[in-house]
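Subject: Structure for you to look at

Hello,

Here is the structure I said I would send. My notes on it follow below.

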Amino acid sequence: MRHTLPIAPQFYVTAPQPCPYLEGRMERKLFTALQGEGAQRLNDGLSKQGFRRSQNVLYRPSCADCAACLSARINVADFSASKSQKRTVRRNQRLDRRATSPWATEEQYELFRTYLESRHAEGGMADMDAFEFAAMVEETPIRTRVVEYTDCDTGELIAVCLTDVLDDGVSLVYSFYKPERPRDSLGTYIILDHIEIAKENGLPHVYLGYWVPGSAKMGYKAGFTGLEVYSGGEWQKMLDPAHFDAQAHPLSNDPIAEQVANIALPDGRPLHPRRG
């Protein structure tokens, strides 16, 4: 019988683009394709090292002169809801959660468009059509669920979260919700409910994406106890957000080759960085 060895993933770097979080800065990303039989293990392993998934690509920030974007996750065992967060749960107790396979629907897309037009009309996803939305939801080579929240009384779709299931937690890939219900704090509620999902499934972490010190868009994430950020090659407890600043100098990040060499893969294969 002929045996074939798995091919080590290749890593690339995007061209610099304006940073959406810090004005006047440029961002670039280190990324690799997420495909093949080992996709789930690769996603599990790289998520623990600050990477995020976008369809069939894994990426993390790799800016030349800035290390501000920090991957964030909640350690479920260390989380304790604040009074405000408890009120948010009570306000949304009439919502019913349903987790389904990653399949896009017209109702989801209509809610998505309403959310974008209200909250992110100038963002990079503003022009996303129904086919691109379906690709975002459905093009996943790993365990992914669409978590829908509907009104128990009316059956109306109120919020949606595209969620990856990792070996050590759940990862919120993208969420959207009815913008005309600001008092309900639906974005916060989705996170709180995913903490419950993690508890129900015995998973220790909830991955939230990136947190950026000083960014108003990302500030809400620091309001969750048990928050950890990936900095300096390890997960660190966030005891005080002020301890982390938007580092911006030529030595903030190691050279790309060193970054890639320090990435740990599930089977310890050597890596070969490429620029693209």
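**What was found**

Tyr-59 has a relative accessibility of 19%, so Tyr-59 counts as buried (buried means under 20% relative accessible area, exposed over 50%, partly exposed in between, with a 1.4 Å probe and protein chains only). Tyr-210, at 9%, counts as buried too.

This is a predicted model: local features need pLDDT of at least 70, side-chain atom pairs count only at pLDDT 80 or more, and totals for chains, interfaces and linings use all residues. Residues are numbered from 1 along each chain as its sequence is written, and side-chain values use heavy atoms, with hydrogens and water left out.

A search of the whole structure gives 15 aromatic pairs (rings of Phe, Tyr and Trp, the last by its six-membered ring, with centres within 6.5 Å; planes under 30 degrees apart are stacked, over 60 edge-to-face, the rest tilted). In one of them, Tyr-59 and Tyr-210 have ring centres 6.2 Å apart and planes at 45°, so the pair is tilted. Tyr-59 sits in strand 6 and Tyr-210 in strand 12, 151 residues apart (strands are DSSP runs of E, at least two residues; helices are H or I, at least four; both are numbered from the N terminus).

Ring pairs also join Tyr-109, Phe-112, Phe-133, Tyr-174 and Phe-176 into a cluster.

The largest nonpolar core has 58 residues, of which Ile-74, Phe-112, Phe-133 and Val-206 touch the most other members (a core is a set of buried Ala, Val, Leu, Ile, Met, Phe, Trp, Tyr and Cys residues joined through side-chain atoms within 4.5 Å). Helix 5 supplies the largest share of this core, eight residues.

Regards
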